Amino acid sequence: MQVKEYCKYKYYLEYDYDLLLEDIQKNISSEIYNISYEMTYIYHKILYTDPCYYWNKNVLKESIDLLEDLYLNYNSELSVNEDIFNYYLMGYNSYLQLTEIIKDLRNFNISTQIKTRLYSIPTYTSILEGCLANFYRVIALLLGQAKGKEYASQNTLGKLVNVLNANGFNMLTKDVNVNIRNAINHGKVIIKRKDIGEKICFYYVENRRQSTLELSTYEFDELIDKAYDTASSVLLGITTFLNKHMDLLDVDIGKKGYVQFSLLSMRLSLPNIYISSISDISNNKQLNVEIIIENTDRGYISQIATLLSVIVFEQYNDYEQYMFSFINERMATGWVRFTNEEIYDIYHKNRSMDAVIIDVIARKDCIIFDPSTEDIDLNEIKYHYFPNYNTDKFIINNIKDASIEDRKRLNAHLYIGDVSSKLEIIDIIKNAIEWLKTIKNVPSPTMYHKSGDMEADSLYINVYRKDLRKSKELLPNNENFVCMVDYNRDGNSTLKHGGIFENIWNKLYHEKNGNMTVSWREGKYFTRVRTIKVGRNDPCPCGSDKKFKKCCEGKGLYDG
């Protein structure tokens, strides 16, 4: 057996295709006799995962039956060319993203108004525009090929619905409300509070007349679910059609583009080893393969990377390097990177897989982190958010976690308005620190860090005048920027140059104030310090760990 055949055989043994085929025949169609590698992940996703498995059986049946009729009557006219397959990919990728959004946010406990604006409205639009419109384009273009009609110009959602209805695909469009989509995109949506609860009012133009549709939030949620289930059904129907007639696929796999890389990703994706992306760096420098993997054992990941390297090399053998990145929700992203020569040697049996992996590890091109084994509530991490804080004197927002194993660290923005007194600014900063110190941060699912509601070890605060959309640059010429604050409970900073570029750090005015290092934009806030003598080669009194001549000499800050 050739190496490439051995690698494919070994790799595809990682999944039980027979069990999947049995469930497909039971739940979708008894006339499906095999599963193409390209469609394995999609079938598994829709059959076994929530909310995918709520597909509409009537929509699925109509999709499969009418597409099969099209093939039986017009197979010589049909071709799934690159344009058609590109629409399929766009709809499919949008579907995968929306599935995660629906799982995460459908039952998220926030106010109805905010949830409607942030989740319901954009989700409904994305199902119609991102998923269904692209799936409809696939069917419309196949209909156009079969019947000799120019459907490529029928590209908007409303026109696509008309094309499908005219050709008997009525079940596929019955739960699509184009008017609501038009209200969201071109009209107006208002959420009204009424005695019987909140209502969503959709305003749109139909037949040149202003029209209104009023739905309760519950009714709109039902509409979203029906549209999503329709998308699941149509995706499953087109996938079943393609799975049965892969001979119709007309894509030049020798090319390097979105369609080709996506097709290879599909071919290599298993439910437990999902290839989320393949991309390259120009001039054939590096091919990047991103993988979401269930098994986090280092030896297993190294083996999978090696098998994949040979399979990928068979199609694209002219890159200098091949990077395989591995992602798991409980593991920091790791990678295995091979050179072209190494894969060539495996492919042609010049060297063993084990010998190549030993060399890859030795040069530190195999970095796989141990997964987190902490008892962590992943939902708490997913839904956790830091609060904002408003007083009549200052505002705190944009809080971020920067904790490490032995230090709880938070970043934040502080807005102080037009306060000009240094004493008052320092007083505001200290009050902000007192509030920030005990803000709870949550554990990391990928690596251990200090977390909880204990006092923070370090706080890094950027102080501004106003919360503007721009003017957040930490630059001396940004008049909205006041200072940087590096607070440390033990008084010792762990940041070099305040965590910013050295040339910018050197233009600021640094001073110690208790457990804080304050780096002012303007020298007028700086308290000058007298020393007996500061030599040019002595450490700078500002605490930057640089020599005086390389730091504050010439600023007039320290007088001997």
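The following legends describe close-up views of a predicted model.

Residues are numbered from 1 along each chain as its sequence is written. Because the model is predicted, local features require pLDDT of at least 70 and side-chain atom pairs count only at pLDDT 80 or more, whereas totals for chains, interfaces and linings use all residues, and side-chain values use heavy atoms, with hydrogens and water left out.

**Figure 1. Overview of the chain.** The secondary structure comprises 16 helices and 19 strands (DSSP runs numbered from the N terminus: helices are H or I with at least four residues, strands are E with at least two). Along the principal axes, the C-alpha atoms fill a box of roughly 95 × 75 × 45 Å. Of the 560 residues, 50% count as buried (buried means under 20% relative accessible area, exposed over 50%, and partly exposed in between, with a 1.4 Å probe and protein chains only). Among contacts with a separation of 6 or more, 64% come from residues 24 or more positions apart (contact means heavy atoms within 4.5 Å).

Figure 2. In α3 (residues 40-48), eight of the nine residues are buried, namely T40, Y41, I42, Y43, H44, K45, I46 and L47. The elements that cover these buried residues include α2 (17-27), α5 (82-105), α9 (217-244), α10 (258-268) and β6 (273-281). The axes of α3 and α5 come within 13 Å and cross at roughly 35° (axes are lines fitted to C-alpha atoms, for helices over the stretch in contact, and angles run from 0 to 180 degrees between N-to-C directions). Y41, I42, K45 and I46 of α3 meet Y88, Y92, Y95, L96, T99 and E100 of α5. This crossing of α3 and α5 is left-handed (the near helix is turned anticlockwise from the far one by less than a right angle; clockwise would be right-handed).

**Figure 3. Packing of α5 against α6.** The two helices pack at an angle of about 155°, and their axes are 9 Å apart. α5 and α6 are therefore roughly antiparallel (angles over 145 degrees; under 35 is roughly parallel, 65 to 115 roughly perpendicular and the rest oblique). Their crossing is left-handed.

**Figure 4. Nonpolar cores.** The largest nonpolar core has 126 residues, and those with the most contacts inside it are Y11, I28, F85, Y88, F220, F324 and F326 (a nonpolar core is a set of buried Ala, Val, Leu, Ile, Met, Phe, Trp, Tyr and Cys residues joined through side-chain atoms within 4.5 Å). Helix α6 (residues 112-147) supplies the largest share of this core, 17 residues. Apart from this core lies another, of 30 residues, among them I439, A456, I461 and Y487. Beyond its neighbours within four places in sequence, I28 contacts D23, Y43, L47, W55, L60, I64, L236 and T240.

**Figure 5. Cysteines C52 and C131.** The whole structure contains zero disulfides (pairs of cysteine sulfur atoms within 2.5 Å). For C52, the nearest cysteine sulfur is that of C131, 10 Å away. C52 is buried at 0% relative accessibility, and C131 is buried at 1%.

**Figure 6. Backbone details.** A cis peptide bond, with omega about 5°, joins D50 and P51; P51 lies in the loop between α3 and α4 (57-74). K349, which is not a glycine, has a positive phi of about 60°. K349 is located in the loop between α12 (340-347) and α13 (353-362) and is exposed, with a relative accessible area of 58%. N398, also a residue other than glycine, has a positive phi near 55°. N398 belongs to strand β12 (residues 395-401) and is partly exposed at 34% relative accessibility.
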